[in-house]
Structure formats: C-alpha cells, structure tokens
Amino acid sequence: MIAPDVVLAPDVAIHQPELVNLYGCTIGKATRIGPFVEIQRGARIGAYCKISSHTFICSGVEIEDGVFVGHGVMFINDLYPQALNQDDSLQTEADWKVIPTRVRKRASIGSNATILAGVTIGEGCLVGAGAVVSKDVPDYAIVAGVPAKIIGDVRRAQGKNPATREGG
Ligand SMILES: CC(C)(COP(=O)(O)OP(=O)(O)OC[C@H]1O[C@@H](n2cnc3c(N)ncnc32)[C@H](O)[C@@H]1OP(=O)(O)O)[C@@H](O)C(=O)NCCC(=O)NCCS
C-alpha cells in the first residue's frame, strides 16, 4: 500500500506497490524501492537511492541522495521501547520521543544491518552485512561487526569493487 499522503518525486520506481507499506513519507526522484519495504511517517528518502526488499525505515530517519540500503536493514528510533506506561495504560505517540537518524549521501548499508537510533552514517561509507551500528560512522569508513567497528576505508578499497576496478 502506498498511502495517499506519501510524496513521490518523478520517476520513483516501486514495481510491486501492493507489497510495500509507505505512509506519510517523502521519496526523492528516481529512487527505487523493493518489495516488503515499510517506510513510516516523517521519514525522508533522497533522490537516486536504492532501498532493497524487506527493509524497515522508521519515523525520524533522513536518507540523503544516492544511498544504497540492502535487504532487511532495520532502523531504530527508540532505544528504550515500552508497550505500557508506568500506570499500565497503553503507550501512544505522545508517550515517547523519536530519536532522529541521518544517512549521508552515497552511503551504502549492507543487508541485515541494524542502525540504532541517533547515529549519523557518513557520506560514502559502507556498513557491512549484519552490522549493528551504535555510533556515528565517519565519511568513507567501512564498518562491520557487532557493535560495528571501522575495518577499512572505501577510498582505499575501490580496487576490490568489480564496478570500479580498472579494466573490470
Ligand atoms: C564489509 C565488507 C564491505 C568487506 O569489507 P573489506 O574491507 O573488503 O573486508 P575484508 O573482506 O577484507 O575482511 C576484513 C575482515 O572483516 C571481516 N568481515 C568482512 N565482512 C564482515 C561483516 N559483514 N561482518 C563482520 N566481519 C566482516 C572479514 O572476515 C575479515 O576478518 P579477518 O581480518 O579476521 O579475516 C563486506 O564483507 C560486506 O559486508 N559488504 C556488504 C555486502 C552487502 O550486504 N550487500 C548488500 C546487497 S547483496
């Protein structure tokens, strides 16, 4: 379902609109969104991004242009979630505060990564598959593991990528 309040820029590609759940969010020009993706109210996705299947992007997340988000990436906006208040009443949106998260332009996030609330994922960086990102990621860093640690630099690893390898 794509709710009527979703703002879609031109050329956004959602090939299976019946298999996504988008509401109250903004999607930039020519961004591609795979099946079983949920994007919540207030989330902002930039232009020319790729959001792969089974990813959850919650309220408070801002993703800049040209970002790759792998399969099953989970964003988080509440570090101490609770179903009930102290008086046993059900929690509502008024009972907790969204912690914002930002992904800078041209970053890539590997499949099954978890991005904890309040971090900034740096420009052009690469988050390894399965990482749990609990701190800010510097621009162009490669991070991996639980919790994610810096293991390299995208600029020095360019030769490993067949798409950028000379003669590749
Ligand atoms: C992190 C990644 C970019 C590799 O970076 P790299 O700098 O080339 O690292 P290397 O492959 O040389 O590995 C370096 C070390 O990190 C480890 N490592 C690599 N990827 C890892 C990951 N995702 N999580 C934990 N450790 C990882 C390696 O085992 C190696 O450990 P060692 O030094 O103890 O032997 C890559 O493994 C990855 O996870 N890419 C994301 C892929 C993805 O999710 N794509 C989505 C679309 S399909």
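This is a short tour of the structure, stop by stop.

**Before you start.** The model is predicted: local features need pLDDT of at least 70, side-chain atom pairs count only at pLDDT 80 or more, and totals for chains, interfaces and linings use all residues. Residue numbers start from 1 along each chain, following the sequence as written.

**Whole chain.** Show the C-alpha trace. Along its principal axes it spans about 60 × 35 × 20 Å. Now switch to cartoon. The chain has zero helices and 19 strands. Both are DSSP runs numbered from the N terminus: helices are H or I with at least four residues, strands are E with at least two.

**The open sheet.** Select S1, S3, S6, S9, S12 and S15. These six strands form an open sheet in that order, with parallel pairing. Two strands pair if DSSP finds at least two bridges between them. Strands of a sheet pair through backbone hydrogen bonds, either parallel or antiparallel. Go to the edges: S1 (7-8) and S15 (120-121) each pair on one side only. Zoom in on S1 and S3 (residues 26-27), which are joined by two bridges in the parallel sense. Leu 8 has Ile 27 in S3 as its bridge partner.

**Val 61.** Move to strand S9, where Val 61 lies. Is Val 61 buried or exposed? It counts as buried because it has 24 C-beta neighbours inside 10 Å. The cut-offs: 20 or more other C-beta atoms within 10 Å is buried, 12 or fewer is exposed, and in between is partly exposed, with C-beta atoms placed from the backbone. Beyond its neighbours within four places in sequence, Val 61 contacts Ala 43, Phe 75 and Thr 101. A contact means C-beta atoms, placed from the backbone, within 7 Å.

**The nonpolar core.** Such a core is a set of buried Ala, Val, Leu, Ile, Met, Phe, Trp, Tyr and Cys residues joined through C-beta atoms within 7 Å. The largest has 39 residues, and those with the most contacts inside it include Ile 45, Ile 115 and Ile 121. Strands S9 (61-63), S16 (126-127) and S18 (141-144) each give two or more residues to this core. S18 supplies the largest share, three residues.

**Last stop.** Select Ile 121. Leaving out residues up to four places away in sequence, Ile 121 touches Val 103, Arg 104, Ala 107, Ile 109, Ile 115, Val 127, Val 133 and Val 137.

How values were computed
Contact = placed C-beta atoms within 7 Å.
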